Amino acid sequence: MTEKSNGNRKLCIITSKGSLDMAYIPLILANSARMTGIDVELFFTFWGLDVITKKKMGGLNVATVGNPSMHPWFHIPTLLGAIPGMSAAASWMMRQEIGKLDFPPVPEFVQLVIDSGANVYGCKMSMDMMKLTKDDLVDEAEVLGAMEFMELSEGAQLLLV
Amino acid sequence: MTSPILENVEFDGDGFMIDPNAWTAEIGEAIAAREELPLTDRHWVVINFARQEFEANDEAPTLRRITKTTDVDTKELYKLFPGGPAKKAAMVAGLGKPTGCI
């Protein structure tokens with residue numbers, strides 16, 4: 001952890017989703033918090049683990065089926081969203097748009113928040129379920145049980161994504 | 001400890017200068033002293049870059065732009081400005097509170 005400040009205000013974010021759009025929410029919030037001196041703990045659980053899994057983090061996709069909110073670029077009706085390649089196309093488009101705003105791709109963004117002093121944890125139970133080990137996660141990530149996370153988040157502001 | 005240099009400088013409630021154009025390097029030093037942040041050459045790389053960008057674009061650079069353009073990387077930037085580089089670097093450089101999220 002880097003230097004504490006801001007009256008030790010602490011933000012804990014639990015990330016449970018691993019789609020491209022949902023990955024950016026905790027990363028942007030964590031980065032903003034660190035930029036203003038707020039301590040950050042990031043806990044990744046269930047599909048959220050994809051965001052810090054080395055083999056997956058670079059290839060996150062946007063869901064085009066069952067996602068009613070594709071409208072910034074184009075609306076994809078659920079039936080058409082199921083066509084092969086649709087999700088890849090939407091994901092490609094989202095990566096382009098995010099890049100234009102100067103937000104880094106997910107792997108670089110994860111490294112950025114780690115370098116800024118945020119701590120990153122993988123949920124042990126979810127990892128057991130998905131047959132993941134510590135080696136599958138980014139190097140700085142630690143493996144933590146839910147009980148340990150409760151201790152860690154004492155007094156912090158908690159957010160579930 | 002507030003330096004006499006700052007007596008004629010206007011600040012908002014959070015300690016950011018109200019008029020960025022009134023900034024001088026001496027004022028920057030005095031703000032840093034007020035924030036108990038001893039400045040090194042590496043701080044000045046960041047501060048000078050922020051000033052340059054502000055003068056060119058009328059806007060403080062994002063941290064990402066600082067780390068991409070100067071040789072100060074993210075880890076060093078956070079070490080140089082404990083308490084949040086976005087806030088502290090802008091404050092010392094006499095710029096307003098940053099609003100960007102990257």
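This report walks through a predicted two-chain model, from confidence to fold to contacts.

**Ground rules.** Residues are numbered from 1 along each chain as its sequence is written, while chains are lettered from A and ligands numbered from 1 in the order in which they are written. The model is predicted, and local features need pLDDT of at least 70, side-chain atom pairs count only at pLDDT 80 or more, and totals for chains, interfaces and linings use all residues.

**Confidence.** pLDDT is the predictor's confidence in each residue, from 0 to 100. Chain B has a mean pLDDT of 90. In chain B, 99% of residues reach 70 or more. For the complex, the predictor gives an ipTM of 0.84 and a pTM of 0.86.

**The fold of chain A.** Chain A has 7 helices and 5 strands. Helices (H or I, at least four residues) and strands (E, at least two) are DSSP runs, numbered from the N terminus. Along the sequence, the pattern of chain A is β-α-β-α-α-α-α-β-α-β-α-β. The radius of gyration of chain A is 16 Å, close to the 15 Å from the globule rule for 161 residues, so chain A is as compact as a globular protein of that length. That radius is taken over C-alpha atoms, and the rule is 2.2 Å times the number of residues to the power 0.38.

**Helix α5(A).** Its buried residues are V106(A), F109(A), V110(A), L112(A), V113(A) and I114(A). A residue is buried if 20 or more other C-beta atoms lie within 10 Å of its own, exposed if 12 or fewer, and partly exposed in between; C-beta atoms are placed from the backbone. The cover over these residues includes α1, α2 and β3 of chain A, together with α4 of chain B. After α5(A) comes G117(A), with a positive phi near 105 degrees.

**Two domains, two chains.** Chain A is divided into domain 1 (1-58 + 105-161) and domain 2 (61-103). These bounds come from an automatic or database domain assignment. The C-alpha centres of the two domains lie 24 Å apart. Residues are in contact if their C-beta atoms, placed from the backbone, lie within 7 Å.

How values were computed:
Two residues are in contact if their C-beta atoms, placed from the backbone, lie within 7 Å.
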